[in-house]
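Colleague: I am new to this structure. Please take a close look at a single part and then place it in its surroundings.

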Amino acid sequence: MSQQTSVLYDVPGPRQRRITLISSVVATVLLAVGAYFLIYRPLDDKGQFSMELWGPLVDPSNENFSQVWDRIGLGLKNTLTAAALAIVASLVVGTLLAVLRIQLKSLTRRRFTGMATPVAYLLRGLSVTLSAVTRVCVEVFRGLPVVLTIFFVARGFPEFGISFDTLWYLVIGLTVYNSVVIAEILRSGMEGLPGGQAEAAAAIGLSPAQTTRMILLPQAFRIMLPALISQLVVVLKDTSLGFIISYEETLNIGKQIIGVLDNPIQVYVVIAALFILANYSLSKLAQFVQRRLSRGRKSAGTPAPQAPPTVLASQAEGTGGN
Amino acid sequence: MSVLIDKFDVFAGGFWLTLQICVLAAIGALILGAVVAVLRISPVPPLRAVGTAYVNVFRNMPLTVVMFFAAFGLPALGSNADFLRVPVLDSLFSRLGTDLPYFRFALIALVLYTAAFVCEALRSGVNAVPPGQAEAARSLGLTFGQNLRHVVLPQSWKASVVPLGSVIIAMIKNSALIGFFGVVGDLSQTADQLTSAEGYAFIPVAIGISIGYLIMTVPLGALLDRLEKRQAVAR
């Protein structure tokens, strides 16, 4: 906090400190009064603080308490299962996609000399087409809302006579979107590496595939680790979309509980708190990793491979996506 | 494929409604986000705490939960979000003024959720300005307002324009959720309506809906890419 305030403000002197103190007190009082009249009073008027509504969620002696939390526990388990499967699948597919795009891009630059002219032209045309196709796929799936990819998967697969558990619809829908995003994160990470890395790899005789696997990918993973963790937060949040296809995740369970007990605000407060807790710790982990990485680079004494400016953008998009 | 031509007006209507809520939500989120950003960088600790709490809460909560709060929590409090029936706006954006409150609920949820990300984009922009800039401005004797207006904000604006754009794109995509919260006739609800209720083939409808969203997101994304490249050169 002190770091960012110092950008805009001088170190406060005695007078400034007094002003800050006074305005802090005034602001606290104003906020408390505002919270009382705008939040507490309306809620209290509607009886939203009554034990009848909160009891099943917070009071262990309540008759519904254990049942409610059993259901929520089941929901959490389902949420975490879907999130874990989706993130693993997206990481695998995303990595493959990133490698594919990098390889195709380097293929389009090759001229295939030494082959018969028609073959060379054919190969060049083929690589350009493939490169364009993957590019279009990436743009399309990145531009589609996750809600729709999940919805389309759940509606579209049965059209072709393929039907799964709803869990798999959710996982596939999430994977389609997130693998593309992860592919873009990794690709920008690989392209942001200094050109010397790939050149040195070529100089010691590594093939392009080996270069990607042993030189570029590990470094890209390292630089992009914070962005990848933020994407994990996005996936965890997006599992809540499972309610659209009536997958029994936390929110859906919450809806069922509300159907019986009729206490929407209380149940959503609890569910929101659970989500916030999980995601907040994940974001803190991302920040921690970022700090560790930047410290590690300094102590290593090598010119640091700076994360390219696209990192910021993709992070913003990642955390902004649902 | 004939459904695309036969039902073109339905698709166009859905597109138009989605565009409406996106424009309104973008304006709302930019304003609210700017306010929260001011809170977060203010020198008064309680205000800063409020801004930080707001961002942490809304950034770590799924939009779905915010939507549920708006769509089921507000009615439980007896509110119909009638304060959003702004006289001139509701004639421009017809859904704002209707008796069904779901459009307004969805709008509130989108604005609240997106504002947290807008705040972070703006704040990261301000933090990206080198401290020496503001220090130099102060030592020249510029007042706080002058400092902001002539030195800090022009530079921070440059750094936050691309993240802001990404946030808006994400918001457009998030708006697909409103169809599942009672807003009738937006793009995503149109997909549901045409395939399940009216029994049209799934694939063409899916393509039509996808095109609707891609029209909004892809050009914006391309524009951002270009901006980013230009900035990279300028730096």
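Modeller: Helix α2(A) bends by about 35° at Y36(A), where the bend is the angle between axes fitted to the seven residues ending at a residue and the seven starting there. Helices are DSSP runs of H or I with at least four residues, strands are runs of E with at least two, and both are numbered from the N terminus. This is a predicted model, in which local features need pLDDT of at least 70 and side-chain atom pairs count only at pLDDT 80 or more, while totals for chains, interfaces and linings use all residues. Residues are numbered from 1 along each chain as its sequence is written, and chains are lettered from A and ligands numbered from 1 in the order in which they are written.

Despite the bend at Y36(A), the length of α2(A) fits expectation: its 32 residues should span 46 Å at 1.5 Å a residue, and its end C-alpha atoms lie 45 Å apart, which agrees. The expected span is 1.5 Å times one less than the number of residues. Just after this helix comes G47(A), with a positive phi of about 70°.

How many of the 32 residues of α2(A) are buried? The number is 0, so the helix lies largely in the open. A residue is buried if 20 or more other C-beta atoms lie within 10 Å of its own, exposed if 12 or fewer do, and partly exposed in between, with C-beta atoms placed from the backbone. For chain A as a whole, 34% of its 322 residues count as buried.

Helix α2(A) also takes part in the meeting of the two chains. This contact takes 54 residues from chain A and 58 from chain B; two residues are in contact if their C-beta atoms, placed from the backbone, lie within 7 Å. On the side of chain A that touches chain B, the elements giving two or more residues are α1 (2-8), α2 (14-45), α5 (117-143), α6 (146-159), α11 (264-300) and α12 (310-320) of chain A. The largest share of that side, 10 residues, comes from α11(A). By class, the side has 30 nonpolar, 17 polar and 7 charged residues. Here Ala, Val, Leu, Ile, Met, Phe, Trp, Tyr, Cys and Pro count as nonpolar, Asp, Glu, Lys and Arg as charged, and the others, Gly among them, as polar.

The rest of chain A is helical in its elements too, with 12 helices and 0 strands. Among its contacts between residues at least 6 apart in sequence, 77% join residues at least 24 apart. UniProt, in an unreviewed entry, lists "domain: ABC transmembrane type-1" at residues 76-286 of chain A; its positions are given in the numbering used here, feature names are shortened, and annotations may be inferred rather than shown by experiment. That span is 84% helix and 0% strand, and its end C-alpha atoms lie 22 Å apart.

Most residues other than glycine have a negative phi. S246(A), which is not a glycine, has a positive phi of about 50°. It is found in the loop between α9 (208-238) and α10 (250-261) of chain A, and with 11 C-beta neighbours inside 10 Å it counts as exposed.

Chain B has 10 helices and 0 strands, and 46% of its 235 residues are buried. A straight helix of 31 residues would span 45 Å, but α8(B) spans only 37 Å between its end C-alpha atoms. A kink of about 45° lies at V152(B), shortly before the proline P154(B).

Another helix of chain B, α10 (residues 202-234), holds A206(B). With 20 C-beta neighbours inside 10 Å, A206(B) counts as buried. Not counting residues up to four places away in sequence, A206(B) touches F152(A), G156(A) and A191(B).

Finally, the largest nonpolar core has 124 residues, and those with the most contacts inside it are I150(A), V66(B), A106(B) and A109(B). Helix α6 (residues 102-128) of chain B gives the most to this core, with 18 residues. Such a core is a set of buried Ala, Val, Leu, Ile, Met, Phe, Trp, Tyr and Cys residues joined through C-beta atoms within 7 Å. Leaving aside neighbours within four places in sequence, the contacts of I150(A) include Y169(A), L170(A), L241(A) and I244(A).
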